[in-house]
Amino acid sequence: MSHDLSDRSDLLRFASAAVDVHHHTRLAESEPLSRSELDDLHAHAVALLDLLDTATARTRPHAPAAGDHLHNARLRLWQVGDHLHGAYHATPRPDGTRPTRDACASRLPDGAPDLTICQRHSVAAARLRRITTPTDLHAPAPGLLRR
């Protein structure tokens, strides 16, 4: 089935609207995010990272300067995902405990199929390490841009 450009753009607008609705209707202002909500937010960030991977690969050969901006956006979004992963581990479980480093290394600190943030984070990290350097991943302002 063929979709024209406006169909693809509509999907992104709908996804953005859904995030906005969730933000305004589902997040209690007086409560911190739960581990489950952080896991879901991380999943959203990784989905956006996948979208930027595709956008960068498609754009760079035809518009290198725009591709550089997309690449840098991808690195920044990785940093967002890394901080969400850190926030997840800094948030105690309902019993007050936190996963150990060993549990995180096993990639399923709270057991499958629930809260698989470490597995998702490891897969995203491996994919990003193939296309960039550790210095770029942790730099405050990634990469140079072509004009």
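Biologist: How many salt bridges does the structure hold?

Modeller: First, a word on the source: this is a predicted model, where local features need pLDDT of at least 70, side-chain atom pairs count only at pLDDT 80 or more, and totals for chains, interfaces and linings use all residues. Residues are numbered from 1 along each chain as its sequence is written, and side-chain values use heavy atoms, with hydrogens and water left out. A salt bridge here is a side-chain nitrogen of Lys or Arg within 4 Å of a carboxyl oxygen of Asp or Glu. By that rule, the number of salt bridges is six.

Biologist: Which residue forms a salt bridge with aspartate 39?

Modeller: Aspartate 39 lies in helix α2 and its partner in helix α5, so the pair ties together parts that are 81 residues apart in sequence; helices are DSSP runs (H or I, at least four residues), numbered from the N terminus. At 6% relative accessibility, aspartate 39 counts as buried, which means under 20% relative accessible area, while exposed is over 50% and partly exposed is in between (1.4 Å probe, protein chains only). With the closest N and O atoms 3.1 Å apart, the partner is arginine 120.

Biologist: Is aspartate 53, which forms a salt bridge with arginine 127, buried or exposed?

Modeller: The closest N and O atoms of this pair are 2.8 Å apart. Arginine 127 sits in helix α5 and aspartate 53 in helix α2, 74 residues apart. Arginine 127 has 22% relative accessibility and therefore counts as partly exposed. Aspartate 53 has 13%, so this residue counts as buried.

Biologist: How far apart are arginine 13 and aspartate 10 in their salt bridge, N to O?

Modeller: Both belong to helix α1 (residues 5-26), and because they are three residues apart, about one helical turn separates them. Aspartate 10 counts as partly exposed, with 26% relative accessibility. Their side chains meet with an N to O distance of 2.3 Å.

How values were computed:
Helix = DSSP H or I, 4+ residues; strand = E, 2+ residues; numbered from the N terminus.
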